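Here is a short report for a reader new to this structure.

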Amino acid sequence: LKEFLEISLVILAVGAIAAGQYKLLVQFSLAFMAIFNSLNLVNSSAFAKLIDDGDFSEIKKITRVELKQGLLFYITLLSAFMVLTHFLDIFSIFSLPDGSYDIFYLVLMFSLLNLLFWPVTQLCIHLRELDILNLYYSVRLLLMIPVGLISLSGYDLSLMFVVLWLVTLEFIFLAVASFRLSRHYGLFPAVFLALRRE
């Protein structure tokens, strides 16, 4: 339902063709979500058990290691993609317009932000902090409505602007959720845990 409403608002903001372009670029970016599927920290029964046991110190240790592995994997995939597109214009094969590469790299910021801030969504689910997830999804959809209304009022909004707006909303959510997790459970963002020593 969330995805349906969000893509409907994107269509409202930039039109069906640009929204289709956005959806296709998101599908391309799903390959990069393999980062999180490769991490034992996410969707792991062992991870859930650590939370149930309240063993947050072990979670912090795991997170430091997994962040480094995730960043290495992310950079490797991104470099491989850039080398591949240097020789082959992949997006032109799918009849995507000029500027798709810039939007695609911006879409990839969703994966990078989630990697740097923890898998916040999974943590909130395991810690039964569902209220913050529900609030975020509601606020995110509400903040997309003005963008659509601006477009309907005659302003020509670009897909780049809409995606940048979504990335900004994602960053705000991750920052707020991470602050809440650090305040209540001492679970600081992964990038902070990797930089500090205990």
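## The nonpolar core

This is a predicted model. Its largest nonpolar core has 55 residues. Val10, Tyr22 and Val120 have the most contacts inside this core. H11 supplies the largest share of the core, nine residues.

Val120 is in contact with Phe173, Leu174, Ala177, Ser178 and Leu181, leaving aside its neighbours within four places in sequence.

## Aromatic pairs

The whole structure holds 14 aromatic pairs. One of them joins Phe28 and Phe91. This pair is edge-to-face, with 5.0 Å centre to centre and 65° between the planes. Phe28 sits in helix H2 (residues 16–29) and Phe91 in helix H6 (residues 90–93). The two are 63 residues apart, so the pair links distant parts of the chain. Phe91 counts as buried because its relative accessibility is 1%, under the 20% cut-off.

Tyr136 and Phe173 form a stacked pair. Their rings are 3.9 Å apart centre to centre, with 20° between the planes. Tyr136 lies in helix H10 (residues 130–152) and Phe173 in helix H11, so this pair ties together parts 37 residues apart in sequence. Both residues, Tyr136 and Phe173, are buried.

Ring pairs also build a cluster. Its members are Phe28, Phe81, Phe91, Phe94, Tyr101, Phe104 and Tyr105.

## Ser182 in helix H11

Helix H11 spans residues 159–185 and includes Ser182. Is Ser182 buried or exposed? Ser182 counts as buried, because its relative accessibility is 14% and the cut-off is under 20%.

The Ser182 side chain reaches the backbone oxygen of Phe179 at 2.8 Å. Leaving aside neighbours within four places in sequence, Ser182 is in contact with Leu187 and Phe188.

How values were computed:
Residues numbered from 1 in each chain as written. Predicted model: local features only at pLDDT ≥ 70, side-chain atom pairs only at ≥ 80, totals over all residues. Heavy atoms only, no water. Helix = DSSP H or I, 4+ residues; strand = E, 2+ residues; numbered from the N terminus. Buried < 20%, exposed > 50% of the residue type's maximum accessible area, 1.4 Å probe, protein only. Polar contact = N/O pair within 3.5 Å; in protein donor to acceptor, adjacent residues only side chain to side chain. Contact = heavy atoms within 4.5 Å. Core = buried A, V, L, I, M, F, W, Y, C linked by side-chain atoms within 4.5 Å. Phe/Tyr/Trp six-rings, centres within 6.5 Å; stacked < 30°, edge-to-face > 60°.
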